[in-house]
Amino acid sequence: MSIALNLLVIALVLLIAYWWANQGAFGGFLHLLCVLAAATIAFAVWEPLSLWLLSLGGLRVYAWGIGLLLPFAVMLFVFRLASDRIVPDNLNFPASLNYVLGGAFGAASGIVSMGIVLLGGGLLQSQSELLGHAGWSRSSQSQGRPAAPSQGLWLPAHTITADIFANLSAGAMSPESGSASLKNRQPDFDRVSMGLARDGAYDGKSAIAIAPSAVELLGAAFSPAMTLPAALGGSQPIYAVGLQFSQPSFDFGEQFRMSASQVRLIGDSNRDQTAPTAHPVGWTSALAGGGRGFFGFDDISNYLTSPPGQQQVDAWLLFKGNELEGAAPRFVQVKGLRIPITSIEQLDPGAMMAKVMGQGEVQPPEFDPSLRTVAGNDLKVDNTLGQLQLSRNDIPGMRETDQYLTEGKGEFPSKSPRRVNKSLKIKGIFEPEGTRVVQLNITRGRSPIDIWDSPAREQAGADAGLFLVDAEGRSYAPIGYFWKRRNEGEVEIMLDPVRGVRSIDGFPSQGAATADELFAIYRVGAQSKLKAVRLGDIQIANADTDVAAQNGRR
């Protein structure tokens, strides 16, 4: 529990109250109206604005916070400016009344203003604690389940503000059509912003937001008596929600991680009733070696995580039906993003277990043995840069971690004009834990596979991706390329672990008689076996490459 945050909130509220006590009752009242109006408009545009910011990529982890704070600040400035112009003169009251009422109106506006700051600031990417205050979060005492903090803020401005506008959204400030309100669309918003949203991996530094294009609802099901491990409650009514997360949702473009605090079911309710919510007790997802496994959110260290090297994760999240208090799920909210649930499949316990474990769904991959096999230097497990020598002090446009390139785009002389000190030398391309870098030769006219002039390209289309496929049927998309421009004496490197190279049009164009070399760069799960190369949905080559485990390198 942080005394600093408590003192800061109280001090700022008292400072605002003192200011308006000196300005008078009428000025304080006008300011309170401006604050309430600005906050109302901020909440009205919050979700649409945040969803637009989510699409901008770089602002994703700040979208929900900026989407609330920015319109509040702008509208408060506009309303204050307008009120000063429209009502330039003050009303005269007795001095004592000015102090009392001005201070009261100032304190009210201070609480709402600080509440907005806390609500919006809590949705900005940061640490799990704000000045030592964790809010609603998981702990060892709660067996890894989200729970209330042992002590709340002395002046819970965020809770007061959230309650005020939740009630206003269901009453005087409610939409003219529909049944939506903060109560049934964003229930217990103060818990989310001041705790749950940031209660993730890396002490809250993992991504707290997800773009709509990076997650897909696979379905929802209900079983009246599914059996879970005794530690999770045994046999009970269970809702299962299937979600597919793609690479743009991954932390730093490497791996997807999500805690039980960052996802919840929102039950159906009327506009004026706070919707019940439920956080997951467990999930099923693919194992690195194939098949699916069941995992429980029963420890603070447990996170839904994508297998290393894989660029999407399909998971079925399990929720206790009793926590929804008899209501049917209306939405699943994932890292702030609310996804409608339009239908729920009713299943008996056996069918539910088969569904979440993927029984009967996995088909063994089939490969065409008549196609040529790409191997050797044309398909190599290698994260080095060959003869290229780069200094970590001279890689404009690129980022590195521990002397390994992580992302960016840069052009460098193929021959370094000077020897690079070992402590500064870039060692290669970064390999997250459990993955290896694989390079595929796609040089035009000099590669065993033809993605430029073959009938397969015309059939697959210019927007088709170039994938490596392992023995389990898992596909890997390129995260970049390594282009040796021999005639120019330069090397171009592009790495984008988040977006990758989504189509073959994303690779540099080459002439038919090029002397260049172009390699597509992939991150593949360690200890897997590559079996094929695919252009879109069309297999264009076989492979027979074992991807060994990491040997201590990154």
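Modeller: Let us begin with accessibility: a residue is buried under 20% relative accessible area, exposed over 50%, and partly exposed in between. Please bear in mind that the model is predicted.

Colleague: Why is Lys 409 called partly exposed?

Modeller: The relative accessibility of Lys 409 is 48%.

Colleague: What makes Glu 492 count as buried?

Modeller: Its relative accessibility is 5%, and buried means under 20%; Glu 492 therefore counts as buried.

Colleague: How do you know that the side chains of Glu 492 and Lys 409 meet in a salt bridge?

Modeller: The N to O distance is 3.8 Å, and a salt bridge requires the nitrogen to be within 4 Å of the carboxyl oxygen. Glu 492 lies in strand β22 and Lys 409 in strand β16, so the pair ties together parts 83 residues apart in sequence.

Colleague: Why is the pair of Arg 485 and Glu 492 called a salt bridge?

Modeller: Here N to O is 2.7 Å, and the cut-off is again 4 Å. Arg 485 is buried, because its relative accessible area is 6% and the limit is 20%.

Colleague: Why are α3 and α4 called roughly antiparallel?

Modeller: The axes of helix α3 and helix α4 cross at roughly 150 degrees. Angles over 145 count as roughly antiparallel, and α3 and α4 are therefore described in that way. The residues of their contact divide into six nonpolar, four polar and no charged.

Definitions and conventions. Residues numbered from 1 in each chain as written. Predicted model: local features only at pLDDT ≥ 70, side-chain atom pairs only at ≥ 80, totals over all residues. Heavy atoms only, no water. Axes fitted to C-alpha atoms, helices over the stretch in contact; angles between N-to-C directions. Helix = DSSP H or I, 4+ residues; strand = E, 2+ residues; numbered from the N terminus. Parallel < 35°, antiparallel > 145°, perpendicular 65-115°, else oblique. Nonpolar A, V, L, I, M, F, W, Y, C, P; charged D, E, K, R; others polar. Buried < 20%, exposed > 50% of the residue type's maximum accessible area, 1.4 Å probe, protein only.
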